[in-house]
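Dear colleague,

Here is the structure you will be working with. My notes on it follow below.

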Amino acid sequence: MNRPSCKLFYRDDPLKILRASGTYMYDEKGHRYLDCINNVCHVGHCNPYVVSAAMQQMAVLNTNSRFLHDNLVLYAERLLTFFPKELCVCFFVNSGSEANDLALRMARTHTGKKDVITLDHAYHGHVSSLIDISPYKFNHPGGEGQADWVHVAPVADVYRGKYTDKDYSLEELSEKYADEVKQLCDKATKKSGGVCLFVAESMQSCGGQIVYPPGYLRQVYKHVRAAGGLCLADEVQVGFGRVGSHMWAFQTQGDDIVPDIVTLGKPMGNGHPISAVITTREVADSFGATGMEYFNTFGGNPVSAAIADAVLDVIENEKLRENATMIGSYLKQEFNSMKQKHGIIGDVRGQGMFLGVDLVKNRKTREPATAEAAYINKRLKEQYVLLSCDGPSRNVLKFKPPLVFSLNDAKELLEKLDNIMTEMEVAECEVNDAAKSTLNGTVNSHHKSQISNGHCSDIQVKV
């Protein structure tokens, strides 16, 4: 039974998926769907190499993680090689929510403080402690509102945030958004003696694929640490090479950017439940000094560790970071070309295989095209392409596929998206022509000749 609290893709006409392979999913009727949204199956659905690693280890041993096993230790050592040297301790858990919950607990232990600074529209997990620091949840139906120890900074959205690129340079935007965090640090210091934690996705997903202006995290981390707080980079959605140029999205803000805690999740096991908290020796020692033992029954068990290690093998051996860069750059270029053709596209942003297409009713006002985004999403599904909408107004087409997404996959998405947008413009032309003909008492017999490249001569395209 479909419960109201359970979220489904395409609730009005949900899909029953029976199998998947690579970038494709297959429903109960055998229809094949191009998957542009599944950032869990990071190296492709049912990747044969990963499946084999799981089967081989499962046939030998799987048990809780309070026994010694080489898989856990060797994987932890390997994973840490991808991080700055300061981040040298690894705790294994089972989900992104568990990772962020543990990170919050560690930060409170280390700092002795409680106040948390989070970004507007942020989502960090479904457990109670994380709902409290996720405006995406506590500010929406069913939420209990903002706790007095939670401070919400405006997300550094340069297109439709509190400060935008219409009025300021990227350098100015970085400073203004960072200053918003500084003001909250000052408030927390005056009220509670300081900050416990600043938490942010390295690129924000639920806010609409937001990429922060250059230098933003550098300034924010400086302000937070001056207030006695720790800085957490949530890489649950954007980590493991999704951005292409780097393994972790926080690294795109500069080689000198080193969080105190990094949380990992979704893609780590390609769909198998494994996640991690990566932190400094100082934070880990503070956590251990409490005397309260920490254990996690399944976190880092031999099967999970074998799977996660196989995922790293595939990322490296199949050069998936390079693929994310190549295909992501191609898609971003083509989305921007489509922007010249379709007035509904207001902004194209992102990096690698983390892209957003912001749809607008009017480019000057940047009014969100929410209904249009929902329609496009529905039409794509009818043409066997799975995409999603997100952002505060749910007007951003959200692209975050498996990293094995190919050039042919990209061309299929682009062709179908372009056709749907053209189809919408033609329909709008027809409506406007019909209205004009009614007003004039005449029939416009030249309607079809007035359509060129998806635009109608009678429409004032709002740019």
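Phenylalanine 287 is buried, with a relative accessible area of 5%. Please keep in mind that this is a predicted model.

Aromatic pairs

A search of the whole structure gives 14 aromatic pairs. In one of them, phenylalanine 83 and tryptophan 248 are stacked, 4.5 Å centre to centre with 15° between the planes. Phenylalanine 83 comes from the loop between helix H2 (70-80) and strand S4 (87-93), and tryptophan 248 from the loop between strand S8 (230-234) and strand S9 (261-264). The two residues are 165 residues apart, so this pair links distant parts of the chain. Both phenylalanine 83 and tryptophan 248 are buried. Ring pairs also bring in Phe240, giving a cluster of Phe83, Phe240 and Trp248.

Phenylalanine 287 has a ring partner as well: with phenylalanine 91 it forms an edge-to-face pair, 6.0 Å centre to centre and 80° between the planes. This pair too links distant parts of the chain, with phenylalanine 91 in strand S4 and phenylalanine 287 in helix H8 (residues 281-288), 196 residues apart. Phenylalanine 91 is buried, at a relative accessible area of 15%.

Charges over rings

Lysine 176 lies over the face of tyrosine 163, 5.2 Å from the ring centre. Lysine 381 has its charged end over the ring of tyrosine 10, at 5.3 Å from the centre.

Strand S8

S8 runs parallel to strand S7 (residues 197-201), joined to it by 5 bridges; phenylalanine 198 has cysteine 231 as its bridge partner in S8. S7, helix H7 (residues 216-226) and S8 make up a right-handed β-α-β unit. S8 and S9 also run parallel, joined by 3 bridges, and the bridge partner of aspartate 234 in S9 is threonine 263.

Helix H10

Helix H10 (residues 320-341) has 22 residues and reaches 31 Å from its first C-alpha to its last, close to the 32 Å expected. Its buried residues are Leu320, Asn323, Ala324, Ile327, Gly328, Leu331, Phe335 and Met338. They cover an arc of only 110° around the axis, which means they lie on the same side of H10. The face turned away from that side carries the exposed residues Met326, Gln333 and Gln340.

Regards

Key. Residues are numbered from 1 along each chain as its sequence is written. This is a predicted model: local features need pLDDT of at least 70, side-chain atom pairs count only at pLDDT 80 or more; totals for chains, interfaces and linings use all residues. Side-chain values use heavy atoms; hydrogens and water are left out. Helices (H or I, at least four residues) and strands (E, at least two) are DSSP runs, numbered from the N terminus. The expected span of a helix is 1.5 Å times one less than its number of residues. Buried means under 20% relative accessible area, exposed over 50%, partly exposed in between (1.4 Å probe, protein chains only). The arc is that of the directions from the helix axis to the C-beta atoms. Rings of Phe, Tyr and Trp (its six-membered ring) pair if their centres lie within 6.5 Å; planes under 30 degrees apart count as stacked, over 60 as edge-to-face and the rest as tilted. A charge sits over a ring if NZ of Lys or CZ of Arg is within 6 Å of the ring centre and within 35 degrees of the ring normal. Two strands pair if DSSP finds at least two bridges between them. A crossover is right-handed if, with the strands pointing away from the viewer, the path from the first strand over the helix to the second runs clockwise.
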